[in-house]
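Trainee: Could you go through this model with me before I set anything up with it? I'd like to start with the charged side chains and then move on to other things.

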Amino acid sequence: MASPRTITIVALSVALGLFFVFMGTIKLTPRLSRDAYNEMKRAYKSYVRALPMLKKIGVSSILLRKSIGALEVACGIVMTLVPGRPKDVANFLLLLLVLAVLFFHQLVGDPLKRYAHALVFGILLTCRLLIARQPEEQPPEKRILSVNGDEQPPVHEAAPETGKMKVS
């Protein structure tokens with residue numbers, strides 16, 4: 001049976017991965033929802049207007065939106081399907097991306113309801129990363145208490161190895 005920690009990591013990975021694949025796809029194409037796609041286009045235009053530095057280095061709203069969308073889709077696929085360390089890397093990249101999006105929302109003065117989902121998913125990404133980076137819990141060693149209440153070393157340490165004689 002899988003440990004609760006493993007089940008939590010897998011559930012968070014799949015849910016977060018699918019969410020970011022969905023959101024990234026909305027940024028890339030109007031096929032899923034034309035209204036959401038148009039809203040993303042409008043939002044990214046306001047982000048680039050609020051940060052003239054992006055315009056100076058040649059980053060248009062289209063490039064910014066498509067780059068973020070492609071990164072979300074790629075990291076979402078990794079979070080959903082790829083085992084091991086790449087999930088943690090994708091998790092970290094998505095967390096940085098969420099922080100950037102929160103910065104953009106604050107920069108243009110959006111109300112909380114416009115970016116509440118980013119806050120929630122940022123917290124979920126943080127929790128998943130923290131749980132995944134914790135070491136596996138080791139079972140506690142059994143210790144023997146002596147008659148006077150002192151703790152003795154574990155049984156396997158206290159017993160001499162079989163087949164060897166102790167010479168004093």
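Trainee: Let's begin with Glu39: how does it count in terms of accessibility?

Mentor: Bear in mind that the model is predicted. Glu39 counts as partly exposed, because its relative accessibility is 32%, and buried would need a value under 20% whereas exposed would need one over 50%.

Trainee: And which residue does Glu39 form a salt bridge with?

Mentor: The partner is Arg42, and the closest N and O atoms of the two are 2.6 Å apart. Both residues belong to helix α2, where they are 3 residues apart, about one turn of the helix. Arg42 also counts as partly exposed, since its relative accessibility is 39%.

Trainee: Which residues are linked with that pair in a network?

Mentor: The network of salt bridges links Glu39, Arg42 and Arg114.

Trainee: How many salt bridges does the structure hold?

Mentor: There are 5 salt bridges in the structure. One of them joins the side chains of Glu72 and Lys27, at 3.0 Å from N to O. Glu72 is in helix α4 (residues 61-81) and Lys27 is in helix α1, so this pair ties together parts that lie 45 residues apart in sequence.

Trainee: Is Glu72 buried or exposed? And what about Lys27?

Mentor: Glu72 is buried, because its relative accessible area is 5%, and Lys27 counts as buried because its relative accessibility is 5%.

Trainee: What does Asp88 form a salt bridge with?

Mentor: Asp88 forms a salt bridge with Arg128, and the closest N and O atoms are 3.0 Å apart. This pair links distant parts of the chain, with Asp88 in helix α5 and Arg128 in helix α6 (residues 112-133), 40 residues apart. Asp88 and Arg128 are both buried.

Trainee: Changing topic to the surface: which residues gather in the patch of positive charge?

Mentor: The patch of positive charge on the surface brings together Arg34, Lys41, Lys45, Arg49 and Lys55. Helix α2 (residues 34-50) supplies the largest share of the patch, with 4 residues.

Trainee: Where is Arg34 found, and why does it count as exposed?

Mentor: Arg34 is found in helix α2, and it counts as exposed because its relative accessible area is 53%, where the cut-off is over 50%.

Trainee: What makes up the nonpolar surface patch?

Mentor: That patch covers about 510 Å² and is made by Leu71, Val89, Phe92, Leu93, Leu96 and Leu99. Helix α5 (residues 85-108) gives the most to the nonpolar patch, with 5 residues, and Leu99 is found in that helix.

Trainee: Which residues does UniProt list for "transmembrane region"?

Mentor: The UniProt record, an unreviewed entry, lists residues 6-26, 89-108 and 114-131 under that heading. In the model, the chain over residues 89-108 is 100% helix and 0% strand, with the end C-alpha atoms 29 Å apart. Over residues 114-131 the chain is likewise 100% helix and 0% strand, and there the end C-alpha atoms are 28 Å apart.

Trainee: Back inside the fold, where is Val98 placed, and is it buried or exposed?

Mentor: Val98 has its place in helix α5, and it is buried, because its relative accessible area is 6%. Val98 and Leu125 are 27 residues apart in sequence, while their C-alpha atoms are 9.2 Å apart in space.

Trainee: What about Thr6: which helix does it lie in?

Mentor: Thr6 lies in helix α1 (residues 4-28), and it counts as partly exposed because its relative accessibility is 35%. Thr6 and Glu136 are 130 residues apart along the chain, and their C-alpha atoms are separated by 9.7 Å.

Trainee: To finish, what does the secondary structure of the whole protein chain come to?

Mentor: The protein chain comes to 7 helices and 0 strands, so that, going by the helix and strand runs as DSSP assigns them, its elements from the N terminus on run α-α-α-α-α-α-α. Of the 168 residues in the protein chain, 32% are buried.

Terms used:
Residues are numbered from 1 along each chain as its sequence is written. This is a predicted model: local features need pLDDT of at least 70, side-chain atom pairs count only at pLDDT 80 or more; totals for chains, interfaces and linings use all residues. Side-chain values use heavy atoms; hydrogens and water are left out. Patches are made of residues with over 30% relative accessible area and no salt bridge: like charges are joined within 9 Å, nonpolar side chains (Val, Leu, Ile, Met, Phe, Trp, Tyr) within 5 Å. Accessible areas come from the Shrake-Rupley method with a 1.4 Å probe; for residues, only the protein chains shown count as cover. A salt bridge is a side-chain nitrogen of Lys or Arg within 4 Å of a carboxyl oxygen of Asp or Glu. Lys and Arg count as positive and Asp and Glu as negative; His and the chain ends are not counted. The place of a charge is taken as NZ of Lys, CZ of Arg, CG of Asp or CD of Glu. Helices (H or I, at least four residues) and strands (E, at least two) are DSSP runs, numbered from the N terminus. Buried means under 20% relative accessible area, exposed over 50%, partly exposed in between (1.4 Å probe, protein chains only). UniProt positions are given in the numbering used here, feature names are shortened, and annotations may be inferred rather than shown by experiment.
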